[in-house]
Amino acid sequence: DYTDVAPADFKKTHHNADFSRVLAKRKPTDVAAAAGSKIDWRSKGAVTHVKNQKSCGGCWSFSTTGNIEGQWQIAGNTLTSLSEQELLSCDLTGGNQGCKGGLMDNAFKWATANGGICSEADYPYTSGTTKTAGTCKKTCTAVPNSAPTSHTDVQKSSDSAMMSALAKQPVSIAIEADK
């Protein structure tokens, strides 16, 4: 609970990058609404266990892996927990800065270019205790077919677009927690 911490102080200690100008350049696509569609991806087995990023500002990596894990399972594969640590340590593209913040769009592009993401079992999460992303290790092999072929941004402030997207698969979201 950080209700006793001033927003500026919280930002200094938890978020060292300003991505608002990057976010403003994104061009989201509105997805046609699927009226009345309801689905719980947890009950469908497309969501891994709850993960804890602790003090690392790496929500972008957790959101990315959660989305890819869900799509992997929906495609008929066994649900596999993917490595947030690999993204934090190795994906320094487009402004992603490990524990200092990043964007899922960049992580999806990196995962595609990298041929996928390693499993969490092969590249475990360590940044939560160190608060740093660490050095990229090239010792694991990406989970086969875990590379996204594309991604689409859902239109902001559109409940119908969000519901439509959720009816198809788990959705990657981020909350600007430093404001």
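User: Among contacts in the protein between residues at least 6 apart in sequence, what percentage join residues at least 24 apart?
Analyst: The model is predicted: local features need pLDDT of at least 70, side-chain atom pairs count only at pLDDT 80 or more, and totals for chains, interfaces and linings use all residues. Residues are numbered from 1 along each chain as its sequence is written, and side-chain values use heavy atoms, without hydrogens and water. Contact means heavy atoms within 4.5 Å. For pairs at least 6 apart in the protein, the share joining residues at least 24 apart is 75%.

User: In what order do the elements of the protein run from the N terminus?
Analyst: Helices (H or I, at least four residues) and strands (E, at least two) are DSSP runs, numbered from the N terminus. The protein has 7 helices and 0 strands. The order is therefore α-α-α-α-α-α-α.

User: What percentage of the 179 residues count as buried?
Analyst: Buried means under 20% relative accessible area, exposed over 50%, and partly exposed in between (1.4 Å probe, protein chains only). By that rule, the buried share of the 179 residues is 39%.

User: At what angle do the axes of H3 and H5 cross, and how is that class of crossing named?
Analyst: Axes are lines fitted to C-alpha atoms, for helices over the stretch in contact, with angles from 0 to 180 degrees between N-to-C directions. H3 (residues 59-74) and H5 (residues 104-114) have axes that come within 9 Å and cross at roughly 55°. Angles under 35 degrees count as roughly parallel, over 145 as roughly antiparallel, 65 to 115 as roughly perpendicular and the rest as oblique. So H3 and H5, at roughly 55°, are oblique.

User: Is the crossing of H3 and H5 left-handed or right-handed?
Analyst: A crossing is left-handed if the near helix is turned anticlockwise from the far one by less than a right angle, and right-handed if clockwise. The crossing of H3 and H5 is right-handed.

User: How do the residues of the contact of H3 with H5 divide into nonpolar, polar and charged?
Analyst: Trp60, Ser63, Thr64, Asn67 and Ile68 in H3 meet Met104, Ala107, Phe108 and Ala111 in H5. Ala, Val, Leu, Ile, Met, Phe, Trp, Tyr, Cys and Pro count as nonpolar, Asp, Glu, Lys and Arg as charged, and the others, Gly among them, as polar. The division is 6 nonpolar, 3 polar and no charged.

User: Which helices do the buried residues of H5 pack against?
Analyst: Met104, Asp105, Asn106, Ala107, Phe108, Trp110 and Ala111 are buried in H5. They pack against H3 and helix H4 (84-90).

User: What arc do the buried residues of H7 cover around the axis?
Analyst: Ala161, Ser164 and Ala165 are buried in H7. They lie on the same side of H7. The arc, taken from the directions from the helix axis to the C-beta atoms, is only 95°.
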